[in-house]
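Subject: Structure for you to look at

Hello,

Here is the structure I said I would pass on.

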Amino acid sequence: MRFEFIAGALCLEFANTVHNVRAEDKGEELHAIADLLQWAKEAGLLSSADHDRVAAHYNRNPRKAAAALAKGTAIRDLLFSIFAGIAHGRPVSSRRLSELNSAMAQAPGRLRVHKSADRIETAWTSAVDGLQQALFAVLASAAELLASDRVGRIRQCASADCTWLFVDESRNRSRRWCDMSVCGNRMKARRHYQRAKAAQ
Ligand SMILES: [Zn+2]
């Protein structure tokens with residue numbers, strides 16, 4: 001697994017494909033469509049076979065790949081903005097909600113079933129439907145979280161260098177960090193880098 005899943009809600013896991021957003025060199029994880037597809041696969045939203053089909057489709061269509069990546073990261077940035085605001089006690093603006101509604105209004109992809117030799121298999125109508133469905137699942141998770149009681153438990157990692165979001169499911173609402181093994185290691189690597197730079 002390349003991506004970390006620590007947030008407790010699919011929409012926040014996707015929002016966490018960027019970290020340290022306040023820094024100039026923000027930690028962008030989605031540089032190419034391949035990264036987005038890998039995330040969807042690791043999140044359990046795309047089977048290996050569908051992943052490979054969608055990847056092959058976008059390999060043949062670099063312009064469509066760039067557009068699909070831009071759409072994916074725009075959704076990610078919207079979710080980050082909404083939920084980071086909530087984590088800091090800011091109400092969600094009507095504008096952000098209508099942006100979420102426009103994103104959800106797009107077709108979520110069409111699934112079909114067909115017979116093969118000895119069983120029934122599922123397949124997307126077109127290769128890109130698999131990715132559309134994955135993004136729709138992320139958006140649906142955001143809608144559900146916004147309308148649930150868990151919305152009051154959304155937090156942002158207490159590390160100044162992190163900015164990851166999560167749902168605090170601890171009984172006494174005391175979780176402050178995304179994940180020490182991830183976040184702590186990242187901080188260590190960063191300090192190491194800064195020390196090395198200062199020593200030069
Ligand atoms: Zn963190």
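Arg2 and Asp35 form a salt bridge, with their closest N and O atoms 2.9 Å apart. Keep in mind that this is a predicted model. The bridge joins distant parts of the chain: Arg2 is in the segment before H1, Asp35 is in helix H2, and 33 residues separate them. Arg2 is partly exposed, at 42% relative accessibility, whereas Asp35 is buried at 12%.

How many salt bridges does a search of the whole structure find? It finds 7. Another of them pairs Arg53 with Asp50, where the closest N and O atoms are 2.8 Å apart. These two residues are 3 apart in helix H3, which puts about one helical turn between them. Asp50 is buried, with a relative accessible area of 12%, and Arg53 is partly exposed at 45%.

Elsewhere, Glu28, Arg76 and Asp77 are linked in a network of salt bridges.

Back to H2, the helix that holds Asp35. Of its 10 residues, 7 are buried, so the helix is largely enclosed by the rest of the structure. The buried ones are Ile33, Asp35, Leu36, Leu37, Trp39, Ala40 and Glu42. They pack against H1, helix H3 (48-60), helix H4 (62-87) and helix H6 (127-146). After H2 comes Gly44, which has a positive phi, near 80 degrees.

Trp39 also takes part in the aromatic contacts. The structure holds 2 aromatic pairs. In one, the ring centres of Phe5 and Trp39 are 6.0 Å apart and the planes are at 35 degrees, so the pair is tilted. Phe5 is in the segment before helix H1 (10-15) and Trp39 is in helix H2 (residues 33-42), so this pair ties together parts 34 residues apart in sequence. Phe5 is partly exposed, with a relative accessible area of 28%, while Trp39 is buried at 2%.

In the other pair, the ring centres of Phe14 and Trp39 are 4.8 Å apart with the planes at 50 degrees, so that pair is tilted too. Phe14 is in helix H1 and Trp39 in helix H2, so parts 25 residues apart in sequence are tied together. Both Phe14 and Trp39 are buried. Phe5, Phe14 and Trp39 form one aromatic cluster.

Next, the metal. Which residues coordinate the zinc ion? They are Cys157, Cys162, Cys178 and Cys183, each through SG, at 2.2 to 2.4 Å. The angles among the 4 donor atoms are 104 to 118 degrees, and the site is tetrahedral. Along the chain the donors follow the spacing C-x4-C-x15-C-x4-C. Cys162 lies in the loop between strand E5 (154-156) and strand E6 (165-167), and Cys183 lies in helix H7 (residues 180-199), so this pair ties together parts 21 residues apart in sequence. Cys162 and Cys183 are both buried.

Regards

How values were computed:
Residues numbered from 1 in each chain as written. Predicted model: local features only at pLDDT ≥ 70, side-chain atom pairs only at ≥ 80, totals over all residues. Heavy atoms only, no water. Phe/Tyr/Trp six-rings, centres within 6.5 Å; stacked < 30°, edge-to-face > 60°. Helix = DSSP H or I, 4+ residues; strand = E, 2+ residues; numbered from the N terminus. Buried < 20%, exposed > 50% of the residue type's maximum accessible area, 1.4 Å probe, protein only. Donors = N, O, S within 2.8 Å, 3.2 Å for Na, K, Ca; no water. Tetrahedral: all angles 85-135°; square planar, octahedral: opposite > 155°, others 65-115°. Contact = heavy atoms within 4.5 Å. Salt bridge = Lys/Arg side-chain N within 4 Å of Asp/Glu carboxyl O.
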